[in-house]
Amino acid sequence: MSFLSTDYFPPFDRLTPELALREIPELIAETDRQITALEQHCEPTWNGLVAARTKCVRQLGYAWGLVSHLHGVCNSPAWREAVETLQPQIVMAFLRIGQSVPLYEALRTLRDTPATWDALPEGKRRVVEAQLRDARDAGVALKDDARVRFIEIQTRLSELGTRFSNNTLDAGKAFSLLLTTPEEVAGLPPNVLGLCAHAARAQGHEEATAEKGPWAVTLEIPIYQPFLKFSERRDLREKLYRARATRATAGELDNTPHLREILELRREMASLLGFPNYAELCLDSRMADTPAEVFSLIDQIGGPALTKARKELDSLQAFAAENGCTGPLEPWDISYWSRRQIEALFGFSSETLRPYFQFPAVLKGLFSFASNLFGITIVPADGLAPVWHPDVRLFRVLDPAGETQAYFYLDPYSRPESKNGGAWMDNFRTREVREDGTVILPLALLCCNQSPPSDGRPSLMTLGEVDTLFHEFGHALQCMLTRIDFPEASGINNIEWDAVELASQFMENWCLQPFLLRALSKHVETGETIPDDLIRRVRASATYGEGQATARQLSFALMDMALHTPEPGAPLPDPWTVEAAAEKRFRLTRPIDGEHMLNTFTHIFSGGYAAGYYSYMWADILAHDAFGAFEEAGLDNPDAIRAVGRRYAGTILACGGARAPADVFHDFRGRAPSPEALLRHKGLLS
């Protein structure tokens, strides 16, 4: 029995799709029995109701989390079949709990009984209020046909989300461009040639080498992005761009019918629950109160971003024309000419920096920085427990007293054949102190998709990949350094969705600080740290392209919110019309025929960010303002930074979801958040 194991570390060496198909139904049945017993005998108290409910669902939630994780990092036909088979059962199981009238009524009794309610601390009252809201949003008040239809919708949405994600992954894997001549790879750096040769060998071209080829150019980000940035062949850049931009838009892998059905079902679900649209339903549990508040945020940041973006593009167009580019810049030209303009303006490129950032050195520097800022120590724990792939590392986190505070897995490298793209953080365990005094420590996981080791060298990282690692580590810190003892609000649990990116985006602010760049760097050939002159030039380029990058993010946030705010009773807006309107406002290069970003927008169609993509910008305001506290203390003052870091750890990282995010931020900053720091850091202030 593996998914039923109660051991702290998951037995990844024994977890298989076949085992999931056998054991998950057993867990569902056992959970149902426990919930039924609780419904018959629950007491409207914290221990008798809330903690008891958590105990009932703990093992099933943990086991299904393992299944979902392995489906994402070890994707295979067997895992897909297992998830597709089990998912409807899981949806039904958790809906049954969410729609439990006896548990809902007991929660109401707990809240409405002053003697019991007033004795609860703030964090536990927040949990009860959230569970009451979640029960309402899960359809607890629905009757008869409406309840049946709600369950049908939830089941179908779960199925469609998985299919959307799989199609996106498969559409990316389906494309490969085999290049055989030096002219076709002109401009590509050696490490990119190595990755392309590795991809060619994986496709059966055993003779492939970085020097002589052949080279397989794929849509895998560690290959795709540098190809667009460095390839001198405009025709091949165009071919690659078109392939990625039109993924999952036609044929068997077309996501168009899935995204349309998802939007229709979400609207119907919101209507069943009494909301005018799906966005209002989602914002019921977030810091932002209404869609109007989100649209106002987009307007507030959008004006300065567009002003800067237009200036940036005009400058880039002029630079490209001066250097031989004919006609207007196309989407496949932006990365290439931006790289060349950065080289001209600042005297370096991303490849100039890459040899300085060996993954082992970056990791060592990150851990040392976290130790100085937060008082923790991170040590390897490889071999202590099984892992799901040989590349995965396990680490132990020690508190200032030297006691184990948490563990985390790190899965750093791209595996396009079996691992979802992007980067993410999750947790298998959250901090909990049980009734018998047993302390359950957090167990987090970080997944990235950076360039893997190649040709005997360690992974050499771009600054963007360093930034991503810091981002995900920030999420993990909030999971691991929590001081809340009840799992319903420890770590990231019960934190409003639009505040949960604060801790991750905060960490990104440190990546260009000179002292940290030195600590992270160790040249792969010379062992030298990054020189001061190069640091100066990198920092001088910090706001290059920020107008266009911010406009791009706002475009995504706008189309997401517009898709989920149709007028009641009006026809659902055509998704591609919404996409086109958002791009017309914020995109400065013309999209190609057949390009539909929505068809691979997994964040909102299979990743939990529906009507919430704005959260990145919302939380970025919080993150930049939080970093402002360190600037005010003096970034060249180690003692002051350390003091503010301890305060940050004791508030933002420690409080979990036991306090409202606005209150936690005020505890740290002494005031409400302001967008001024974000606008300043991105160079958007006029």
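Guide: Let us begin with a word: contact means heavy atoms within 4.5 Å. Helices (H or I, at least four residues) and strands (E, at least two) are DSSP runs, numbered from the N terminus. This is a predicted model, where local features need pLDDT of at least 70, side-chain atom pairs count only at pLDDT 80 or more, and totals for chains, interfaces and linings use all residues. Residues are numbered from 1 along each chain as its sequence is written, and side-chain values use heavy atoms, with hydrogens and water left out.

Visitor: Which residues in α13 and α21 meet?
Guide: On the α13 side they include Pro291, Phe295, Ala305 and Leu313, and on the α21 side Glu546, Ala551, Leu558 and Met561 are among them. By class, this contact has 14 nonpolar, four polar and three charged residues. Ala, Val, Leu, Ile, Met, Phe, Trp, Tyr, Cys and Pro count as nonpolar, Asp, Glu, Lys and Arg as charged, and the others, Gly among them, as polar.

Visitor: Why are α13 and α21 called roughly antiparallel?
Guide: The axes of α13 (residues 291-322) and α21 (residues 546-563) come within 8 Å and cross at roughly 150 degrees. Axes are lines fitted to C-alpha atoms, for helices over the stretch in contact, and angles run from 0 to 180 degrees between N-to-C directions. Angles under 35 degrees count as roughly parallel, over 145 as roughly antiparallel, 65 to 115 as roughly perpendicular and the rest as oblique. The two helices are therefore roughly antiparallel.

Visitor: What makes Cys447 count as buried?
Guide: Its relative accessibility is 0%, and buried means under 20% relative accessible area, exposed over 50%, partly exposed in between (1.4 Å probe, protein chains only). Cys325, at 11%, is buried as well.

Visitor: Why does Asn494 count as partly exposed?
Guide: Because its relative accessibility is 22%. Asn494 lies in the loop between α17 (463-480) and α18 (502-508), and has a positive phi of about 70 degrees although it is not a glycine.

Visitor: What is the phi of Ala248?
Guide: Near 55 degrees, again a positive value in a residue other than glycine. Most residues other than glycine have a negative phi. Ala248 counts as buried, at 5% relative accessibility.
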